[in-house]
Amino acid sequence: MKEEDLDLNDHIARAKEGNQAAFRFLLNLYWLEVYYFLLKRIKNENEAEDIAIQTFSKAFDKIATFNENYTFKTWVITIAKNTHIDLARKKKKSIITETTNDQQEKVHLVPDENPTPEDHIIREQNLAKLQKNIRQLKPKYQQVINLRYFQELSYKEIAQQTNEPINNVKVKLLRAKKLLAEIIKKG
């Protein structure tokens, strides 16, 4: 049976069971609507895209809580709106307040030190530990982490190399980072 032959509720039910093809179908079906909703609010293409990625990641993490009495589109747009609001609040909190002359003088007194040999050793040990943690991920997540952060490929280049749509690469990378963060917290 082809994906197009299934109705939306079947895709949602399959997504709730963890079916990746159903996730991909929902992502492709609603990506533009979520993206343009955010773009209207933010007026910045990169930020809208980043928040859309986070939105779908949250939606797929919480898909078991989706109530079929509501429309999926409304549910995912609500997640997008709330994600944008949360990020705007965080950004507002992080705005640096004006510094006094005394504070600015103290900033100039901070010495600029080059890394010591000990710093290099610590960095190498941390990198080895990080690579060990990455190896605990599923191969598909290891691949996108390595391509993005070690080979420094763009989303487009990763999509070409993995033969996947760019939206899938972005969501997969976001999931990989979440899983890696959980592994690091446990370790």
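**Tour: an aromatic cluster and a helix crossing**

Select Phe 23, Trp 31, Tyr 35, Tyr 36, Phe 56 and Phe 60: ring pairs link these residues into a cluster. Keep in mind that the model is predicted. The count of aromatic pairs comes to nine. One of them joins Tyr 35 and Tyr 36. Zoom in on this pair. The geometry is edge-to-face, with 5.3 Å centre to centre and 65° between the planes.

Is Tyr 35 buried or exposed? Tyr 35 is buried because its relative accessible area is 11%, under the 20% cut-off. Tyr 36 has a relative accessible area of 45%. That value lies between 20% and 50%, so Tyr 36 counts as partly exposed.

The charged end of Arg 175 sits over the ring of Phe 23, 4.9 Å from the ring centre.

Select residues 45–61 for helix α3 and residues 166–186 for helix α9. Their axes come within 9 Å and cross at roughly 65°. The crossing is right-handed. Colour the contact by class: five residues are nonpolar, two polar and six charged.

Last stop: select Arg 148 and Tyr 155. Here the charged end of Arg 148 sits over the Tyr 155 ring, 4.2 Å from its centre.

Methods: Residues numbered from 1 in each chain as written. Predicted model: local features only at pLDDT ≥ 70, side-chain atom pairs only at ≥ 80, totals over all residues. Heavy atoms only, no water. Phe/Tyr/Trp six-rings, centres within 6.5 Å; stacked < 30°, edge-to-face > 60°. Buried < 20%, exposed > 50% of the residue type's maximum accessible area, 1.4 Å probe, protein only. Lys NZ or Arg CZ within 6 Å of the ring centre and 35° of its normal. Axes fitted to C-alpha atoms, helices over the stretch in contact; angles between N-to-C directions. Helix = DSSP H or I, 4+ residues; strand = E, 2+ residues; numbered from the N terminus. Left-handed = near helix turned anticlockwise from the far one by under 90°. Nonpolar A, V, L, I, M, F, W, Y, C, P; charged D, E, K, R; others polar.
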